[in-house]
Amino acid sequence: MPQVPQTLDASAVRTWCGLALEALGRAREEIDAINVYPVADGDTGTNLYLTVESAVAAVEAVFEGHGAVSTTADDPFTTSTEVGRPALADAVRAMAHGALIGARGNSGTILAQLLRGMAQVLAADGETAHADGQGLRLALQQAADSAREAVAHPVEGTVLTVASAAAEAATGTEGDCGTVARAAYEGARAALAATPGQLAVLKRAGVVDAGGRGLVAVLAALVETFTGEVPGVVPSARPLSGAVFDAASGAVPGEVHARGDADGNDACAEGGPGEGGPAFEVIYLLEAQDAAVARLRDRLDRLGDSLVVVGGDGLWNVHVHVDDAGAAVEAGVEAGRPYRIRITHFGLGDAHTAGAAGRPPRERAQRAVVAVVPGEGLAGLYTEAGATTVLARPGEPPASGELVEAVRRAHAREVVLLPNDAELRHTAAAAAEQARTEGVRVALIPTRSAVQGIAALAVHEPDRRFDEDVVAMTSAAGATRYAEVAVAERQSWTMAGICQAGDVLGLIDGDVAVIGSDVTAAAETVLDRMLAAGGEMVTLVLGDEAPDSIAAHLESRVRESYLAVDTVVYRGGRQGALLLIGVE
């Protein structure tokens, strides 16, 4: 057994996040199956997993930035070589930020705020004063308080109740981090068992709160982090009807009468479950000032229910259930800059909700395409072509769990996966492998740019044999050279020489080929170099910040200088690069 940490430091945070992800991965399907409050859409376990996966990625990025290296496969969450190990403050801030930007559903949003509340204490000045049992007690209390404040209308019998019980149990305990963590876990476990007596919908279904069940798993991982011991069996998340959980034994006789809502399970907000509630779930990240967010809370509270707004320091995660999804997004636009907007219709159902609420399971499609896209404009283009999309924001690549969720959302027997980014190759491969274990036939085409994905999608024919379709799409992608024009963020050495911050860079097939000062001139040089080797079709994808005249200029250049070469132009939205270029 690896040595366990005695105090709360960056390595302990890393270990805890990794163990929590493992625990939620094991319990995901069980938690998905018991969500009954307030909307029965069945993916709370998935939402919690994706939220923690994002936190893990952020913490790992901090360790990589400090040169910390993981040990053997037998102990993947500790470090063997730690050159300039990050401080506790760095690790907990990364954990909280990763959870915030990756939070999914009500459950994930509240968990993100719980982690943020802990970070507010643990990252405060005077780190050593917060790295012991007393610091952990304070962090758990701040977590519970801040999560409750983030919910518009708290309801007992939800994850908020479980978090408060954990904090209260920890507060009454003296000792080291392991002792405090175990007390918090036991307090949360007892509170979880009592949730059916606090919320009638849980008692009718014979289940405990799904979000609270997820939090107990996360706290169990905290105990394991500091003691090396896995706590006692958590009550089963797949009860049989009628009776309420017995937390002590984990035994629950009977069979579940209702399956529930994943992301609303612990919504901790008013609004009844099942039919009669709002039709849409709206989630987005929001860049806005505190005063604007306060006004946004009031407006969204009038529009719907299950309102949770978490975050701070200019970045927020907004979650609400409404009938008018457009009005909820519009409210975000008035408050600041919303992005990563996700709108889900509760009535549509998916792979997780088959059979819920008495509906027959939705028939699987034979084949689907799942693609990662860098901007809203391209997402619309891919969607119109029939693909299921995963939006990747600049600097925020999707985690493998998000790709797996997209494969499930596609609900097909066969899936072609287009990562559209060379750096997502391993992430996409992991997602493909996970989807295969769930019975989906997945082919990964290693597209390195969205323009290669467009070329592949253009020849996609779902009616032909799967292997033939994959070969044709792979061939089309491989025959497409790709480039992008972007602005340098800092001084750097490149294949074309030294660039300064603010220089315009032209990258061809991933390498810097042009350094200039004018966007249009650099784009023209890049295009000329690409067409020097021949080509039949030029694809231009314009970012929001590209010059208005650049498309017309490049189209004119192609028309006048290259015979029999066609040009097609798309608007990509906020895609990071000013311009994407493809030459087939």
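Contact here means heavy atoms within 4.5 Å. The model is predicted, so to speak, on its own terms: local features need pLDDT of at least 70, side-chain atom pairs count only at pLDDT 80 or more, and totals for chains, interfaces and linings use all residues. Residues are numbered from 1 along each chain as its sequence is written, and side-chain values use heavy atoms, with hydrogens and water left out.

Beyond its neighbours within four places in sequence, Met-95 is in contact with Val-13, Trp-16, Cys-17, Ala-55, Val-59 and Leu-115. Together with Leu-8, Val-13 and Leu-136, Met-95 touches the most other members of the largest nonpolar core, which has 90 residues. Such a core is a set of buried Ala, Val, Leu, Ile, Met, Phe, Trp, Tyr and Cys residues joined through side-chain atoms within 4.5 Å, where buried means under 20% relative accessible area (1.4 Å probe, protein chains only). Helix α1 (residues 10-32) gives the most to this core, twelve residues; helices are DSSP runs of H or I, at least four residues, numbered from the N terminus.

Six cavities of 30 Å³ or more are present. A cavity is a set of points on a 1 Å grid over the protein atoms alone where a 1.4 Å probe fits but cannot get out, and lining residues have an atom within 4 Å of a point. Grid points are joined across faces, edges and corners, and a volume is the space filled by probe spheres set on the points. The largest cavity holds about 120 Å³, and α4 (105-122) supplies four residues, the largest share of its lining.

Met-95 returns in the lining of the second largest cavity, alongside residues including Trp-16, Cys-17 and Leu-115. This second cavity holds about 60 Å³, and α1 gives the most to its lining, with three residues.

Technical notes. Buried < 20%, exposed > 50% of the residue type's maximum accessible area, 1.4 Å probe, protein only. Helix = DSSP H or I, 4+ residues; strand = E, 2+ residues; numbered from the N terminus. 1 Å grid on protein atoms, 1.4 Å probe; cavity = no way out; pocket = protein on both sides within 12 Å on 5 of 7 lines; lining within 4 Å.
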